[in-house]
Amino acid sequence: MLECLAIAQNFPPVAKDIRIGETNLPIVFINTLGHEIDREQRVSAYMKIVDNPDGVNYDDTIAHPAQTINYEGYIGIKYRGNSSFTYSAKKPYSIKLLTNSYENNGEKRKASLLGMGKDNDWCLLAPYNDRSLIRNTLTFSLAEGYLEYVPKTRFCELILDGIYYGVHSLTERVRTGTGRLNIKSPGDEGDKLTGGYIVCIDRNDEPVTHASKYHPTNSAGEVFTDKTIWMQYTDPSWEDITEAQRTYIDNRFDAFEDALASDDFMDADKGYRQHIDVTSFIDYELTTEIANNIDGYRLSTYLYKYRDSVDPRFKMTIWDFDLAWGLPDFENIHTGYMTDIWTYKNNDAGLGTKMPFWFDRLMSDPSYVAQLKARYAVYRQGKYADVPAVVDSLATLLTEYGAADRDHQAWPRWGEVIYQNYYLDATTYAEEVAYVRNFAAARIAWLDEQLEYDPASVASLRHHDSGPQAIYSVDGVRRSKLHPGINIVRSSDGVIRKIWR
């Protein structure tokens, strides 16, 4: 493959002469074969991923011809995202693996990329408003093992048509598949009709959506009669879902909301518990609240359902945390950077898309709150024991070989007001990471108080079997589960350094 065979007008970076040299991140080469990437229709391209087992990769494939190729082949590519596309100079991409180009009748191909599950459907997320570059990856890394499914992701550096495009995250999409949500496709009758489905609370920007019967409310209980909660059909998509399937999942969604809104909502038999996996909803809430994700609950909020013979209840998973961890500071909507608010109550802010009433209602049930507090204690004794250290470990990945600096050379934005990010105090990558670290520490301290977390009273939960735990050895080394080969060591002066096995 010639990495720069042809160049089209595809939103190039400001600086076009950046070379990687060597990096600890995988390198993704994409050749658009002369096509201009579109937002609606996929075009053919060719992709090669270099990921050497020793952890050092080179952009000069001629001088280093014996590198390990993780993937090589055709892809269909288009731009993806809503605000992440419209308001970001660095664009995210949706990718589907192909056996050949579209022009040569290429068909669907599945492959495992960078150690993630074998599949056809991938995306390259492009952190831009998030100057730290880590917010999505931080969330997914922490949440993995608590929720039943969390998209896997790997940092990489992208070279498109021979031009350096910066740090991206190659990420699984929330879809069905043996390597993802292992849910059988639904049929049109019997038990097959009952599952499986993935639906998403989001905008009304698809040709077919389902409207909730319940309008959102503010913290005073006042109804936004002009606002509607919309449910999108994700898998099967609105194009593929049959009338019988759509009617079925609409009715199940309505039944859940009816039960939650009823006077008997706390009743074990008549209430919401027959419709949802409570632990799954708690895991979604904790992940969203810890990060103070202002897009949480109201956008990219995924629910899924197995067939009734497997599990009749709705479960949840996560997506889209690039506006979390203290990033947003909207004019006149000052909530994203705050560490001492409940995100699920954010309908009072001036955000156009509102949140459903679900979690406000759930939090009025003492039994649910008790479960939430117990689960939070498990989180705090496990992977959330030292979130600032996880922030530092991810930042180390992006600074050790200069990836973060290269990204900010390609897309310079220090000191600039960019969409949804008015935080201008940081003028270096280290200062931006410090902001995320400090926000995480303050946010968790506030939640510790709200959820009455007492580490002394729950010390036995350190080896609880309901979630992955951080294991500290006698010498103070903690094995990182974020990236192969990394140990996190905190020295006596509190400095985090990284060593390789």
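**Helix 9.** I looked up what the buried residues of helix 9 pack against, and found strand 1 (22-23), strand 8 (153-160), strand 9 (163-172), helix 8 (387-399) and helix 10. The model is a predicted one: local features need pLDDT of at least 70, side-chain atom pairs count only at pLDDT 80 or more, and totals for chains, interfaces and linings use all residues. I number residues from 1 along each chain as its sequence is written, and side-chain values use heavy atoms, without hydrogens and water. Helices (H or I, at least four residues) and strands (E, at least two) are DSSP runs numbered from the N terminus.

Helix 9 (residues 403-410) is mostly covered, with 6 of its 8 residues buried (under 20% relative accessible area; exposed is over 50%, partly exposed in between; 1.4 Å probe, protein chains only). The buried ones are Ala-403, Ala-404, Arg-406, Asp-407, His-408 and Ala-410.

**Helices 5 and 10.** I then checked helix 5 (residues 278-291) against helix 10 (residues 429-450): the angle is about 125° and the axes are 8 Å apart. That makes helix 5 oblique to helix 10 (angles under 35 degrees count as roughly parallel, over 145 as roughly antiparallel, 65 to 115 as roughly perpendicular, the rest as oblique). Glu-289, Ile-290 and Ala-291 of helix 5 meet Phe-439, Arg-443, Ile-444 and Leu-447 of helix 10 in contact, meaning heavy atoms within 4.5 Å.

**Tyr-248.** I found Tyr-248 in helix 4 (residues 243-261), buried at a relative accessible area of 13%. Beyond neighbours within four places in sequence, Tyr-248 is in contact with Leu-193, Thr-194, Tyr-197, Lys-305 and Asp-308. I read 7.3 Å between the C-alpha atoms of Tyr-248 and Thr-194, which are 54 residues apart along the chain.

How values were computed
Axes are lines fitted to C-alpha atoms, for helices over the stretch in contact, and angles run from 0 to 180 degrees between N-to-C directions.
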